[in-house]
Amino acid sequence: MSESTVAIVTGASRGLGEAFAEQLLDAGASVITLARNSNPRLAELASAKGARLQQLQADLSQTSSIESAAGLLSAALPTDASRYLLINNAGTVDPICLADGLFDADSIERAFNLNVVAVMVVTAAFLRSAPKAADRRIVNISSGAGRKPTAGWPVYCATKAALDHYTRVLAEENPDLRVASLAPGVVDTAMQERIRGTDRRHFPDLDRFLQLHEQGQLASPQSIASRILQHVASDRYGHEILDDIRNYDIPS
Ligand SMILES: NC(=O)c1ccc[n+]([C@@H]2O[C@H](COP(=O)([O-])OP(=O)(O)OC[C@H]3O[C@@H](n4cnc5c(N)ncnc54)[C@H](OP(=O)(O)O)[C@@H]3O)[C@@H](O)[C@H]2O)c1
């Protein structure tokens, strides 16, 4: 993933997405990001490296904003690169709530928009705009929660399960595309802080996440981003559509 690679990373303002963008810029890729906030550290890194970075600002939980973001992305995508990588990483675990309390339809809709709808629309823009002759790869950042039911996360689990199945269709329709829906494991980001701050009544599994944190068992975003990018660059990438980076013994 180096020179002549164009990479698009959603949710690069912090967390795992920021680590992806940093490492891609370091490797010399041109990077386009999409999130509500831009990231000054990425801008500094890009200018220090002389790397090309465009930070597009969009609220991907709103359908009208998703559509305009896809348009901006298509317009921003250079057409002369030999490799194109899309990392659909932006996501939310909210609303955290047992199924019998899910009355706030707007919060459910925002989660589906961000975790599923935006992925579909941004991916459509990528498929139409990145030249078919190039090496094209997509990573959909999923979660173990899409495969294992977790009380308190009915919305999060449903969005990631939808993302997983959508990714299988994407692979079915595009035999030349390398794509996977990849769970990253438990990563030390703001999302984990949000989970640890949940009321136990809404999230019965809270103690497990408090313990993982206390015992220092959260992976750093940098190490997970590094392992995922190595996996994505390898020839085996895309052989497993529903995958988990913890299945691979890759040094970070
Ligand atoms: N951390 C974990 O343990 C873990 C485990 C399994 C899966 N994951 C998955 O990994 C991915 C990254 O998570 P993370 O832990 O890095 O989370 P994070 O630290 O909360 O970062 C989330 C990113 O998504 C962006 N985002 C959130 N709402 C958005 C919106 N409305 N419009 C546009 N962008 C938005 C945020 O940017 P702005 O706020 O600037 O918009 C931010 O850059 C997610 O898909 C998550 O489900 C994480």
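What you see is a predicted model, in which local features need pLDDT of at least 70 and side-chain atom pairs count only at pLDDT 80 or more, while totals for chains, interfaces and linings use all residues. For selections, residues are numbered from 1 along each chain as its sequence is written.

With the chain still selected, its C-alpha atoms fill a box of roughly 55 × 40 × 35 Å, taken along the principal axes. A compact globule of 252 residues would have a radius of gyration near 18 Å, and the 17 Å of this chain agrees with that; the radius is taken over C-alpha atoms, and the globule rule is 2.2 Å times the number of residues to the power 0.38. Of the 252 residues, 41% count as buried, a residue being buried if 20 or more other C-beta atoms lie within 10 Å of its own, exposed if 12 or fewer, and partly exposed in between, with C-beta atoms placed from the backbone.

Next, select Ala7, Phe20, Val31, Leu73 and Ile87, which have the most contacts inside the largest nonpolar core, a set of 66 residues. Such a core is a set of buried Ala, Val, Leu, Ile, Met, Phe, Trp, Tyr and Cys residues joined through C-beta atoms within 7 Å. Helix 4 gives the most to this core, with nine residues.

Move on to helix 5, residues 154–173, whose 20 residues should span 28 Å at 1.5 Å a residue, and whose end C-alpha atoms are 29 Å apart, which agrees; the expected span is 1.5 Å times one less than the number of residues. Among the buried residues of helix 5 are Val155, Tyr156, Leu163 and Leu170, together with Lys160 and Asp164. Display helix 4 (105–129), strand 5 (135–141), strand 6 (178–183) and strand 7 (242–244) as well, since the buried residues of helix 5 pack against these elements, with two residues in contact if their C-beta atoms, placed from the backbone, lie within 7 Å.

Helix 8, residues 221–233, is the next stop, and its buried residues, including Ile224, Arg227 and Leu229, pack against helix 1, strand 4 (83–88), strand 5 and strand 6. Helix 2, residues 40–49, has one buried residue among its ten, so it lies largely in the open; just after helix 2, Gly50 takes a positive phi of about 70°.

Now select the ligand and its surroundings, a shell of 27 residues in which the closest are Gly11, Gly15, Arg36, Gly91 and Thr189; a residue is near a molecule if its C-beta atom, placed from the backbone, lies within 6 Å of it. Helix 1 (15–26) and helix 6 (190–196) are the elements that give two or more residues to this shell.

Finish with two loops. In the loop between strand 4 and helix 4 lies Pro95, which is joined to Asp94 by a cis peptide bond with omega of about -5°. His202 is placed in the loop between helix 6 and helix 7 (206–214), and is partly exposed, with 15 other C-beta atoms within 10 Å. Leaving aside neighbours within four places in sequence, His202 is in contact with Ile96, Cys97, Leu98 and Gly152.

Note on methods:
Helices (H or I, at least four residues) and strands (E, at least two) are DSSP runs, numbered from the N terminus.
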